[in-house]
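Biologist: Please take one part of this model for a close look, namely the contact between the chains, and then follow the elements concerned into the rest of each chain. Please state the cut-offs behind each term as you proceed.

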Amino acid sequence: MSELANVTLVINGQTYTLQLEPRRTLVDVIREECGLTGTHAGCEHGVCGACTVLLDGDPVRACLMFAVQAQGSAIRTVEGLADGETLHPLQRAFMAHHGLQCGFCTPGFLMLATGVLEREPDISDELLLEVLASNLCRCTGYQGIVAAVRAAAAELRRAEA
Amino acid sequence: MAEAVRLLAELAPHDGRILAGGQSLVPIMAFRLARPAHLIDINTVAGLDVLTVRDEVLHIGARVRHAAFHRLVQDGTLGAMLAAVVRHIAHYPIRFRGTFCGSLAHADPAAEWCLVAVTLDAKLIARSARGKRRFAARDFFQGAMATALAPDELLAETRLAILPADTRFGFEEFSRRAGDYALAMALAVLRIEGGVIAAPRIGVGGAEAMPRRIEAAEAAVSGRRPGESVFREAAAAAAAAIDPIEDAQTNAQYRRELVGAMVYRALTQACMPDGRSRA
């Protein structure tokens, strides 16, 4: 057993002061220590993308980082998307376009899409498809997810204009 | 940096390892295939984020992530080539953590950056408490997941010479699904002078234990007019030259044919009239 490290994480603007073994992954700490169970642990080796969160705006796999490495960064999870009772445009689009069935992969897709649309609001359809291929969904066949993200991208662009 | 190499010198004999992006090492740890006793995280080490052109050389520090190459890091063929290649590396979120130098140090046979490094004769700078060592990329890779790095050394920087302005390139990769490991890939870098191919470099990766330039393929196109028959000769030469990896799904013959196809397509792209690959 390793010694415990004092770690301060900032998730969705809230500060969590924790004592952790350095070996703990970010996804496990977000879920088990911070109680934010919206971020899902799927494959736990970086393939499925269910655990995708934003780290200083970058979409990353929370299972491929140790929590101690996220100290000093702004972490965003699916819980931080909605503004109170008002859902984020991506969340609304996923509902409207059947972007989910069982919902297990949804938090990862939402954070992946948020990350890419915030960085590249004018991303081409072709590149968007490549980006969405990063995460796995075993229900929808992806068509609903692609439609939802395209619709949200258009809405976000209109809001910017 | 001094602290990182001092820690590495101290911990390397006790199964200590460098942690950069962690996009290969951490999955291997998740499978318990690697169980390092100590990890030395270099993600906050100052100076390792250098990504600049100095004296016609692109310097890439140890914590420059793949995603840095999504934009053109250099306004020329080298920048365009790196931006075209990066789109084949794993998936988008992986590229925000994984690093260029980490990929070289890991030396997966299917790693795109390793192919780029050997094809362009990259210079690699290793640091340790003992000092600095320089390697040519072709001497650095020693087999699948094997490099010339000593356990107490970290790959601090990779240097790529800026390519002459009229240089053209083509990159082709075959994998079963987007983002999967390459079963074969080829990078062709050349110029066309007076209607004939000059200074060709043809590198093949993913098909052998480590990437390398294929001299027989380069000889097949050098000084020749670009065209289908010349590309086919180079493809056949590359297919014959390699010592293919075999696995449960792919036998040697399959990989040879793939290598031929990749070399043919990479050359076709490199010699297209506008000189740029489709990115």
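Modeller: The contact between the chains involves 18 residues of chain A and 17 residues of chain B, where two residues are in contact if their C-beta atoms, placed from the backbone, lie within 7 Å. The model is a predicted one, in which local features need pLDDT of at least 70 and side-chain atom pairs count only at pLDDT 80 or more, whereas totals for chains, interfaces and linings use all residues. Residues are numbered from 1 along each chain as its sequence is written, while chains are lettered from A and ligands numbered from 1 in the order in which they are written.

On the side of chain A that touches chain B, at least two residues each come from strand E4 (58-61), helix H3 (106-119) and helix H4 (125-132) of chain A. These elements are DSSP runs numbered from the N terminus, with helices (H or I) of at least four residues and strands (E) of at least two. E4(A) gives the most to this side, with four residues. By class, the side comprises eight nonpolar, six polar and four charged residues; Ala, Val, Leu, Ile, Met, Phe, Trp, Tyr, Cys and Pro count as nonpolar, Asp, Glu, Lys and Arg as charged, and the others, Gly among them, as polar.

E4(A) also has a partner within chain A: it pairs with E3(A) in the antiparallel sense over four bridges, two strands being paired if DSSP finds at least two bridges between them. Leu54(A) has Pro59(A) in E4(A) as its bridge partner. Two residues lie between the strands of this hairpin, and Asp56(A) takes a positive phi there, near 50°.

Domain 1 of chain A contributes 14 residues to the contact and domain 2 of chain A contributes 15 residues. Strand E3 (52-55) and E4 of chain A are the elements that give two or more residues to the domain 1 side, and E3(A) gives the most, with three residues. That side of domain 1 of chain A has seven nonpolar, six polar and one charged residues.

H3 and helix H5 (143-160) of chain A are among what covers the buried residues of H2(A). In helix H2 (residues 89-96) of chain A, the buried residues are Pro89(A), Leu90(A), Ala93(A) and Phe94(A). A residue is buried if 20 or more other C-beta atoms lie within 10 Å of its own, exposed if 12 or fewer, and partly exposed in between, with C-beta atoms placed from the backbone. Seen down the axis of H2(A), its buried residues fall within an arc of 140°, so they line one face of the helix; the arc is that of the directions from the helix axis to the C-beta atoms. An α-helix has 3.6 residues a turn, so residues three or four places apart point the same way. After H2(A) comes His98(A), with a positive phi near 55°.

For chain A as a whole, five helices and five strands are present, and from the N terminus on they run β-β-α-β-β-β-α-α-α-α. The radius of gyration of chain A is 16 Å, close to the 15 Å that the globule rule gives for 161 residues, so chain A is as compact as a globular protein of that length. The radius is taken over C-alpha atoms, and the rule is 2.2 Å times the number of residues to the power 0.38. Of the 161 residues in chain A, 43% are buried.

Chain B is divided into domain 1 (2-161) and domain 2 (168-270), with C-alpha centres 24 Å apart. Each of these domains supplies 21 residues to the contact between them. Within chain B, six of the eight residues of strand E9 (residues 154-161) are buried. E9(B) runs antiparallel to strand E4 (residues 57-61) of chain B, joined by five bridges, and His59(B) has Arg159(B) as its bridge partner. E9(B) also pairs in the antiparallel sense with strand E5 (residues 123-128) of chain B over five bridges, where Arg127(B) stands opposite Leu154(B).

Conventions:
Domain bounds come from an automatic or database domain assignment.
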